[in-house]
Each structure stands twice: as structure tokens, then as C-alpha cells.
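Here are a few exercises to work through with the model open beside you. Try each task first, then compare your steps with the solution.

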Amino acid sequence: MSLEESDRTSIDPQRRADHLCVLVHGLWGTPSHLDYLAKSLREKHPEDKLNILVAKSNSGSYTYDGIETGGERVTQEVEELLNELIQAGTPIAKLSIVGYSLGGLIARYAIGLLYSKGWFEKIKPINFTTFATPHLGVRTPLRGYHSQLWNAFGARTLSSSGRQLFTIDTFRDTKRPILSILADPSSIFIRALSEFKTRNLYANIVNDRSAPFYTTAIASTDPFVDLDTVDLRTLDLYSPVILDPENPVSPKSTKEPLQPFYTRFATGGQSLLTRIPLYTALIALIPVATVAWTINSGIQSFRSNKRIQLHEQGKGLDGYRIPLLMNGNSARSAVGGAFRRVNSAHGHDYLPESQDDDSDNLDASAEDLPKLDLKRTSSRKADFPTLALSDEQFEMIRNLDNVGFKKYPVHIRNHRHTHAAIIVRMQKPGFDEGKVVVRHWLDETFEL
């Protein structure tokens, strides 16, 4: 029996745990992806102190069905457990929620529904945490036809979730993408997020092919494109994995001396020769993978659309179809495997220097939000150029920064699949650095 099943099926009135922590997995995920998080959380906080729910209603291809559908499913799971605990005489007084990858966006939707249904009037929101969550979507910050082609193709291979992650969807009658609504200061989602005592995020600085740094860190810059040109500052107890959230990086004060031409030519030639087998394999495999991926995506999208239709016809959804915006003042409107490698192969494009100053607007205050005491780090770094993001993405940064996240850059060196390693998605020796991330989360940010 898994950890979350034992928590759900053996409610002991003597436990008296009044704090519930909900864990939400990501795209193509299963509850088992969160085993290490759940196990570590349980070892830190026993059953008489904390209830743990690992959401399972969006397992596997169900994550194709979109943030809204996934959020409603998770909300239903949470409400069922809350009511079950009330009936057992152990009502919940505190709530925390943790989202991994797409699960962080689903979690942001779910807390808005819980807020709108009045749960936050009875339960105190404590911790909201995301690991490698693409808060700004996964649109490639590039200019030119090649980026437009990739963004258009990628958006159409993951059903509703794909359109939403690439921000080409129109959510309900808002004429705006769902990610824009999730970050609207007058929405139930931002109102709910602002209720949490702590808001923390962990973002890989390199090698995250699914969700790069700028989107997981809610940032308009990426200082970590070339680590040879910067100095990293880490937290002593968690070095070299966790960077200092207040001052993680700075340009190197002195540049490395330029090597002689012959040395550079020889080194570059050797590097090219070692990569020839890889390039040859990619040339042969990418067309096959493209066809296979496209066919599979078509099948999964068809199935996803059928599931969404059934979900829309299901009972109990009336309580979730509530007004998304609290008032009329809204903010300004405006792929596995080879595909992740193609996406990560692009370098970033940046705005012209004359436009960098416009990013100062990211620090403007939102009139609709209460002033918060939580110290936050700015997503804008003057020493690094501004990425060529969309207007909607810049708006998301401003609004989410106004709510306030403590942002922890993560430097995983021993494995290139940092998206999985950051939460130790499976037991691999190369994922051990993820255990440092989880230890930091539990010891430094998670409040019981």
C-alpha cells in the first residue's frame, strides 16, 4: 500500500493531525514520481502532526486534459479528504500544497477553487511550493521563423495542456490564455496564492529541457546561459546545489585569457569529432521520432478531448464553475525525448538594449493586491539582458512578483536530466543532488 493510500484509508481519531499537505505531480506523471518527496515529508513529520495526500486523479495521459480540468480533479480529491476527516472527528486547520512541473500550475488553479468555496475561511493556508514549474508557460523566448515554428508545433502536440503551456489557448469567455488569468491580480487564483504564509519555488539553472530557468523562476532574464562567464553564490549548508536566493549570480570580474588559435582549433575539432555519432543518430532518429510522436499526440489528443467532454458532463462541477475574476478591474490583456532536445538546442533571444528599460515596469505594484510582508527577490537583473518574452509573460512576472515568491535557483551537476533529479523522481545515483534540494525544502522553508 502506498503512502497516500495508507493516509486515506486509516484515519485514526487519536492522530489529531490538523495540517494537510497535498502533493501534485506533473505532465505524464504518476503519484510514484513524488515518492521521495512524500517519504521525506513523512520522515520529517509523523502522522500525528501531518496528513499527506498525493493526488492521483491526473495520472499518466490525464495530464493532457488541461490545467482547468486537472485543477478541478485535484480540488475534488482535496474536498473529499477534508470532508472525510471532518466526519472522522479530525478536521484540518492548516493546508499546504506542493506542485511539481505542470502540477504547480494545476495546484495554483486548485487553490483558487478552494478559496472561492470558502475553505480558506476555515483552514489557514501555510506553504505553497513549486519545483520546476513553468509558471510563464514553455513558449521559447526566441524571435524569428524558427521559434515561431517550434512554438506553433509544440503547442499542438499535447492537447489542451499543450495549448495552455504555449499560451495559445483562449480560456472560457475571457479571450485570454489561462496562464494570464492565473496571474491576474483580481482573480481568485492570485487572491488564494496571497493567502499562503510562505510561497517558495525551486528552479533548475541548467539542463532542464522541459521547463527552463526563466519560466520556473518567474524571471525576465536567464543569467545562467553560460556558466563560464558568471560567479555562482551558494548557501553554505547546501552548497553547491542551492544558490543564494538574495544574490545567486554575478558576472565574472575578470575574463579568462583567450587561448592561442591552434589550441582553440584543436579543442573545437576534437569536440566536433566526438559529436559526429550523436549528430548522425539524431539525423536518422528525429524524422522517425517526429512521425511517431505526431501520431501518438493525435491519438492522445483525441482521447483527451473525449475525457474533457465526459468531465464537463459530470456531476458536481457546478461548484467549480464560479466567476474567475473578483471584480471588473482585470490586469492588462494582451515534447518528450527528441523534442525537448530540439527545444533546448535553441539559444535565447533578447530584446534590444533600448527595450531593456521597459522591464523596469515589472516592479510596479498591483493596485488590487494587499501589501505583503514576505521578502521577495526581483526577477529583473540589471547585469543581464532581458529575454524576448511576450507581453503576457512580462505581465505574469510582474503580477506574480507582486504576490511574492522566495526563489531558490538549483544547480544540479551530476545528471543532465535535472527536471527529474530536482525531486528525485526515481532512485538513481545521479539524482542524489535532488536530495539536497528536498532537505533544504523541509529544513528551511516548510512550516508545520
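**Exercise 1. Which residues of α8 are buried?**

Before starting, note that this is a predicted model, in which local features need pLDDT of at least 70 and side-chain atom pairs count only at pLDDT 80 or more, while totals for chains, interfaces and linings use all residues. Residues are numbered from 1 along each chain as its sequence is written, and side-chain values use heavy atoms, with hydrogens and water left out.

Solution. Step 1: locate helix α8 at residues 188-195; helices (H or I, at least four residues) and strands (E, at least two) are DSSP runs, numbered from the N terminus.
Step 1: apply the cut-off, where buried means under 20% relative accessible area, exposed over 50% and partly exposed in between (1.4 Å probe, protein chains only).
Step 2: the residues that pass are I188, F189, I190, R191, A192, L193 and S194. With seven of its eight residues buried, α8 is largely enclosed by the rest of the structure.
Step 3: look for the cover, which includes α4, β4, α7 (178-182), β5 and α13 (391-403).

**Exercise 2. Find the strand order of the six-stranded open sheet, then follow β8.**

Solution. Step 1: the order reads β2-β1-β3-β4-β5-β8, with parallel pairing. Two strands pair if DSSP finds at least two bridges between them.
Step 1: the edges are β2 (51-54) and β8 (406-410), each pairing on one side only.
Step 2: β8 is joined to β5 (residues 198-204) by five bridges, and the two run parallel. A203 has P409 as its bridge partner in β8, and Y202 stands opposite Y408.
Step 3: check the side chains of β8. In a regular strand the side chains alternate between the two faces of the sheet. Here K406, Y408 and V410 point one way, K407 and P409 the other way, and all are buried.

**Exercise 3. At what angle do α3 and α4 pack?**

Solution. Step 1: take helix α3 (residues 67-87) and helix α4 (residues 102-116), whose axes are 8 Å apart at an angle of about 60 degrees. Axes are lines fitted to C-alpha atoms, for helices over the stretch in contact, and angles run from 0 to 180 degrees between N-to-C directions.
Step 1: that angle makes α3 oblique to α4. Angles under 35 degrees count as roughly parallel, over 145 as roughly antiparallel, 65 to 115 as roughly perpendicular and the rest as oblique.
Step 2: list the contact (heavy atoms within 4.5 Å). Among the residues of α3 are I67, G71, V74 and V78, and those of α4 include L102, I106, Y109 and L113.

**Exercise 4. Which residues make the contact of α2 with α15?**

Solution. Step 1: the axes of helix α2 (residues 35-44) and helix α15 (residues 432-445) come within 11 Å and cross at roughly 40 degrees. The two helices are therefore oblique to each other.
Step 1: α2 brings Y36, L37, S40, L41 and K44 to the contact, and α15 brings K435, V438, W441, L442 and D443.
Step 2: turn to the sheet, on which α2 also packs, touching β1 (19-24), β2, β3 (94-100) and β4 (124-131). The direction of α2 makes about 175 degrees with that of β2.
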